[in-house]
Amino acid sequence: MSIFIKTISSIIFLVFNFLNIANAHNHFPITTDSKLMIERGKIAYQNNCVSCHKVNLSGAKNWKGIDSDGHRKAPPLDGSGHTWHHDDKTLHAIIKYGLAKLVKNYEGKMIGFEDKLSDQEIDSILAYMKSYWSRENYEYQLKLN
Ligand code: HEC
């Protein structure tokens, strides 16, 4: 009898752990509650994104225009563009896979960072981005998730 109980409890334990691990990669919505996460996101942003999306996430100059090779320019991620209209799952996927993998025949410049950034780092960048959004945009976007 006690072996039976032990077996059952270890199975419950395993299932519980598995669910926790599965969840760890999908803990949306991302909030701005952790200063550490925002700091990590800032570093990852500066190493990978700043060349196009610019300092303070402000986006390319005249970002609604077209660049010299006919592509769209990098939009601001600071809440002044439309980034906050996308839920976290979509934003995470855009950063991870790039628009190339998400949009058929995409020819723009937003490539994916799957090989360079972990899911955690991508989430940190999202926290960093959100730390710039107005309270209204931040709360509106939280509800989309
Ligand atoms: C080579 C330039 C370039 C780099 C580097 C780059 N991006 Fe982009 N990104 C773009 C462009 C251009 C777009 C607009 C996509 C389009 O319309 O083709 C974009 C779009 C996006 C969007 C969608 C924004 C919206 O409002 O819909 C997000 C989010 C984003 N980038 C995040 C990032 C992050 C985070 C990084 C770094 C990990 C990064 N990008 C690196 C050029 C770049």
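Helix 4 gives the largest share of the shell around the ligand, four residues. Helices here are DSSP runs (H or I, at least four residues), numbered from the N terminus. Helix 4 spans 88-102, and helix 3 (50-53) also supplies at least two residues of this shell.

Before going on, keep in mind that this is a predicted model, where local features need pLDDT of at least 70 and side-chain atom pairs count only at pLDDT 80 or more, while totals for chains, interfaces and linings use all residues. Residues are numbered from 1 along each chain as its sequence is written, and side-chain values use heavy atoms, leaving out hydrogens and water.

Now look at the whole shell. The ligand is surrounded by 23 residues, with C49, C52, H53, R72 and M110 the closest; a residue is near if one of its heavy atoms lies within 4 Å.

Next, find the iron atom of the ligand. Its protein donors are H53, through NE2, and M110, through SD, at 2.0 to 2.2 Å. Donors are N, O and S atoms within 2.8 Å of the metal (3.2 Å for Na, K and Ca); water is not among the atoms, so sites may look incomplete. H53 belongs to helix 3 and M110 to the loop between helix 4 and helix 5 (119-130), so the pair ties together parts 57 residues apart in sequence.

Finally, turn to the oxygen atoms of the ligand. A polar side-chain atom of R72 is 2.4 Å from a ligand oxygen, and a polar side-chain atom of T83 lies 2.8 Å from an oxygen atom of the ligand.

Methods. A polar contact is a pair of N or O atoms within 3.5 Å; within protein, one must be able to donate a hydrogen and the other to accept it, and residues adjacent in sequence count only if both atoms are side-chain atoms.
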